[in-house]
Amino acid sequence: MTLSTETLAGLVRPDSVHKSVYTDPRIFELEMQRIYGQAWIYVGHESQVPATGDYHTTRIGDQDVLMVRAADGQVHVLYNRCPHKGAQVVAEGDGCAGKFFRCPYHAWTFKLDGTHLAAPMKKGFEGTCYDPAHPDFSMRRLARVESYRGFVFASQAADGPDLKAFLGGVATSIDNLCDRSPVGEVEVTGGVFRVLQESNWKVFYENLHDTMHARVTHESSVVAAREEAKEIGEMPFELLIMDGNGEPYEFWEKLELRAYPNGHGYMEGIFDPAAATRDPVSRAHFEALSQVHGEERARAILGMNRHNTVIYGSGSPHTVFQQFRVIRPLAVNRTMVEIQVFRLKGAPEQVFDRALTYANVINSPSSNVMPDDVEVYRRCQEGNGTRGGEWVSLHRYLGTDKALDEGWVSTNGTSELPMRNQFAAWRDYMLAEGSAAQAGAKNEEKNHAAA
Ligand SMILES: [Fe+2]
């Protein structure tokens, strides 16, 4: 049974969403076409492919892709498929292809931008349509690739807004992450963590700005942190960041939630000038930034008190502790989260150490905090699979959100504005004229026309 436009339109109400958006494999399949086939999706950071031939494999929705650095320094994003028999050209992971890609099956070779280089025993193609110059014999490039301050995104749709316009109000989160480096540049270092979640991908996005869950879901790690602090007579950084989830509701109410088109948004506390000088690591960081920008600008950069940012479809950068949780949907009930940690080029090494500690304590598979969330996501998946009800509530502070020039802002930090905004974008994607299947066909025509 196919899903009609009416059915899809009826799944999202202003105050609730139908549970099938989390459980119906047909909806997941459509999302792969209409959201992941359309939107700009984060592929990786340029620092993951520093030298010519370096590649990094990942997924855009249900598509295996790779990011590669060509000899001219340009970064390309290709589907990981040899045009001969369709084999994946490189295995999953990071590596260096050298000067060109070579398929492990029959040794067809491709330049680093994907174009056909050679196939063995060419005389066998004589009198056929084999044409090295025709795109059908090359590794296919994604329709569009753009980098924003080193963060590489790709879109499978030939048409649409450019990356900067797509990011809108959340581009400032990437800016702040980079500006924390005295030279304005960051790099992914120290490998990545991966966490496999047995739940739908959208639940994670909702949770990122779900301030009402923190003191409940994370009660066990908050209590453990407080007991340990009492025992040792101090609250070191490792415990402090666990303790943070235990703030009373009044704390969360004071946060500001911003919501932007395309499902994006962020959560921010009031500007915190003391952040620059709070502890020895911050002071060293402040010093390094001040030398380049002067104290006022350094204080402005470090005082921006932004918590999780949502780039809908891609994941969540965290500017203060330099993480990017990349969210990759695998199936309707399975999601892979990859945690990247960034080193701020030119900043004191302790700043990177602190980011690693944050990743270990809060985001890693062995974290004391993340498993709390992973467990409740799984429970949502299980519960929504029962006949116990049809709708998921998004009622909190509905009707109180204030419109901005571009987007919305909450009047109360516990508002479910971010979820409502995400599902408004979801609905727009899912109802959009011209599914990605059609867009894909169109791209193919364009590629041919360009060839
Ligand atoms: Fe949580």
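H213 is a buried residue, since its relative accessible area comes to 14%, with buried meaning under 20% relative accessible area, exposed over 50% and partly exposed in between (1.4 Å probe, protein chains only). H218 is buried too, at 2% relative accessibility. The model here is a predicted one, in which local features need pLDDT of at least 70 and side-chain atom pairs count only at pLDDT 80 or more, while totals for chains, interfaces and linings use all residues. Residues are numbered from 1 along each chain as its sequence is written, and side-chain values use heavy atoms, with hydrogens and water left out.

Both histidines hold on to the iron ion. H213 (NE2), H218 (NE2) and two OD atoms of D373 coordinate the iron ion at 2.0 to 2.6 Å. Donors here are N, O and S atoms within 2.8 Å of the metal (3.2 Å for Na, K and Ca), and the site may look incomplete because water is not among the atoms. Along the sequence, the donor residues follow the spacing H-x4-H-x154-D. The angles between the 4 donor atoms run from 54 to 150°, so the arrangement counts as irregular.

N207 sits in helix α6, residues 201-208, where a helix is a DSSP run (H or I) of at least four residues, numbered from the N terminus. N207 is buried at 12% relative accessibility, and its side chain makes a polar contact of 3.2 Å with that of H213. A polar contact is a pair of N or O atoms within 3.5 Å; within protein, one must be able to donate a hydrogen and the other to accept it, and residues adjacent in sequence count only if both atoms are side-chain atoms. Beyond its neighbours within four places in sequence, N207 touches H213, D373 and Y377, contact being heavy atoms within 4.5 Å.

Now for the core. The largest nonpolar core has 72 residues, and F151, F153, L167 and W426 have the most contacts inside it; such a core is a set of buried Ala, Val, Leu, Ile, Met, Phe, Trp, Tyr and Cys residues joined through side-chain atoms within 4.5 Å. This core lies between domain 1 (41-148) and domain 2 (190-431), because both give residues to it; the domain bounds come from an automatic or database domain assignment. A second, separate core of 17 residues includes L78, C82, F101 and L112.

Terms used. Four donors count as tetrahedral if all angles lie between 85 and 135 degrees; four count as square planar and six as octahedral if opposite donors are over 155 degrees apart and all others between 65 and 115; anything else is irregular. Helices (H or I, at least four residues) and strands (E, at least two) are DSSP runs, numbered from the N terminus.
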